[in-house]
Amino acid sequence: MSSAALSAPRFATRETDERFTALIGPHRQPLLRYVRSLLPSDPQRAEDAVQETLLRAWLASPTGSGARRADGFQPGLPWLCTVARNVVIDWSRRDGVRPALPTAYLPETAAVADDQARVVDRTHLVELLAPLSRPHREVLVYTYLLGCSGPDTALALGIPTGTVKSRLHHAMRDLRRSAAYSRECA
């Protein structure tokens with residue numbers, strides 16, 4: 001096998017690019033306008049939703065590299081709009097599932113003024129997370145501090161998505177209990 005064949009990805013061929021452009025090209029701009037109407041305050045997320053929709057269309061088409069259909073299916077604009085709407089709904093639901101962090105001991109202002117305040121904030125965060133078990137801390141850090149979704153956290157930690165949900169639930173319960181106990185003792 002030549003070094004050129006090893007360095008070039010299998011899916012990045014000129015023929016594949018041309019098939020993709022022919023399949024998706026005419027629908028991209030109208031689809032982007034539609035998704036921007038669904039997400040008027042977040043153009044970057046609208047672009048991401050369009051990309052996800054186009055990827056799903058490519059994979060559903062018989063010309064796509066992951067062809068699952070042999071019936072000559074060609075995604076049209078109505079189908080793409082339905083898929084895009086479902087992507088936006090899925091993302092909204094995913095974002096709404098994360099429970100709120102207990103705010104009893106969080107600083108009042110979001111902006112950290114100086115290095116000394118950062119040290120205080122980090123110390124406070126360590127005090128909040130210290131009583132938790134390592135698996136619970138890991139899930140909280142990935143989900144809330146790093147902003148990962150449940151599936152991304154599961155992938156990073158090498159555990160099932162259901163385990164992430166369970167650990168997140170139990171970690172939040174323990175945080176609430178410790179915050180309530182701290183208030184009673186104060």
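Contact here means heavy atoms within 4.5 Å. With that in hand, welcome to a predicted model, in which local features need pLDDT of at least 70, side-chain atom pairs count only at pLDDT 80 or more, and totals for chains, interfaces and linings use all residues. Residues are numbered from 1 along each chain as its sequence is written, and side-chain values use heavy atoms, with hydrogens and water left out.

**Overall picture**
- The protein has 9 helices and 0 strands, taken as DSSP runs numbered from the N terminus (helices: H or I, at least four residues; strands: E, at least two).
- Of the 186 residues, 25% are buried (buried is under 20% relative accessible area, exposed over 50%, partly exposed in between, with a 1.4 Å probe and protein chains only).
- Among contacts between residues at least 6 apart in sequence, 57% join residues at least 24 apart.

**Thr-153**
- Thr-153 sits in helix 8 (residues 150-157).
- Thr-153 counts as buried because its relative accessibility is 0%.
- Beyond its neighbours within four places in sequence, Thr-153 is in contact with Val-139, Tyr-142, Thr-143, Cys-148 and Val-164.

**His-27**
- You will find His-27 in the loop between helix 2 (14-24) and helix 3 (28-38).
- Not counting residues up to four places away in sequence, His-27 touches Pro-75, Gly-76, Leu-77 and Leu-80.
- His-27 and Leu-80 are 53 residues apart in sequence, yet their C-alpha atoms are 8.2 Å apart in space.

**Leu-125**
- Leu-125 belongs to helix 6 (residues 115-129).
- With a relative accessible area of 31%, Leu-125 is partly exposed.
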